[in-house]
Amino acid sequence: PLLPLDDANKTDLTSQFTVFPNPVNNMATLQLTTNNDTQAKIVLTDLSGRIVSQQTTKLYAGKNQTNIDTQTLPNGMYLVTIDYNGSRVTQKMLVQH
């Protein structure tokens with residue numbers, strides 16, 4: 001059953017999604033906590049909006065972790081966006097070699 005959300009129990013999705021290390025050199029780790037099993041689309045874009053990487057992954061209830069290989073990316077700021085369960089969360093990631 002769906003439970004109503006009020007301001008007291010809303011969860012800030014961005015606090016459940018972290019990218020580390022940041023800045024990243026060769027490999028970024030994404031960590032995301034979800035309440036149930038679901039599919040997620042992970043998209044990495046540069047600041048001009050160009051998609052540089054995308055993948056689909058299975059998330060399980062609880063804490064999930066996946067890696068993004070950044071060693072071929074030029075230095076700069078990127079946006080990591082995860083779409084899952086009808087939600088979208090985005091974090092900035094700085095690539096520095």
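Predicted model: local features only at pLDDT ≥ 70, side-chain atom pairs only at ≥ 80, totals over all residues.
The protein chain contains seven strands and zero helices, and reading along the sequence gives the pattern β-β-β-β-β-β-β. Of the 97 residues in the protein chain, 32% are buried, while the chain as a whole exposes about 6,200 Å², with carbon and sulfur atoms supplying 50% of that area. Contacts that link separate parts of the sequence can be described as well: among those between residues at least 6 apart in sequence, 58% join residues at least 24 apart.

One part of the fold is an open sheet of three strands, arranged in the order β1-β2-β5 with antiparallel pairing. The edges of this sheet are taken by β1, covering residues 17–20, and β5, covering residues 62–69, and each has a single partner strand, so one side of each is left without a neighbour in the sheet. From one strand to the next, the twist averages 20 degrees. The antiparallel pairing of β1 with β2 extends over four bridges, and in one of the pairs across these strands phenylalanine 17 has leucine 32 of β2 as its bridge partner.

Strand β2 spans residues 27–34, and threonine 34 has its place in this strand. Is this threonine 34 buried or exposed? With a relative accessible area of 4%, threonine 34 falls under the 20% limit and therefore counts as buried. Its side chain reaches the backbone oxygen of asparagine 36 at a distance of 3.2 Å. When neighbours within four places in sequence are left aside, threonine 34 is in contact with Leu59, Tyr60, Ala61, Gly62, Asn64 and Tyr84.

Attention can now move to strand β3, which covers residues 38–46 and which has seven of its nine residues buried, so that the strand is largely enclosed by the rest of the structure. Strand β3 is joined to strand β4, residues 51–59, by eight bridges, with the two strands running antiparallel, and within this pairing valine 43 has glutamine 54 of β4 as its bridge partner. The hairpin formed by β3 and β4 has four residues between the strands, and there glycine 49 takes a positive phi near 95 degrees. Strand β3 is also joined to β6, in this case by seven bridges and again with the strands running antiparallel; here the bridge partner of alanine 40 is tyrosine 84 in β6.

Which residue meets the side chain of threonine 81 in a polar contact? The partner is threonine 90, whose side chain is joined to that of threonine 81 by a polar contact of 3.0 Å. Not counting residues up to four places away in sequence, threonine 81 touches Lys41, Ile42, Val43, Arg88, Val89 and Thr90. Among these, Val43 is the valine whose bridge partner in β4 is glutamine 54, and Thr90 is the residue that takes part in the side-chain polar contact with threonine 81.

Terms used: Residues numbered from 1 in each chain as written. Heavy atoms only, no water. Buried < 20%, exposed > 50% of the residue type's maximum accessible area, 1.4 Å probe, protein only. Polar contact = N/O pair within 3.5 Å; in protein donor to acceptor, adjacent residues only side chain to side chain. Contact = heavy atoms within 4.5 Å. Areas by Shrake-Rupley, 256 points an atom, 1.4 Å probe, with all protein chains shown as cover. Pairing = 2+ DSSP bridges. Axes fitted to C-alpha atoms, helices over the stretch in contact; angles between N-to-C directions.
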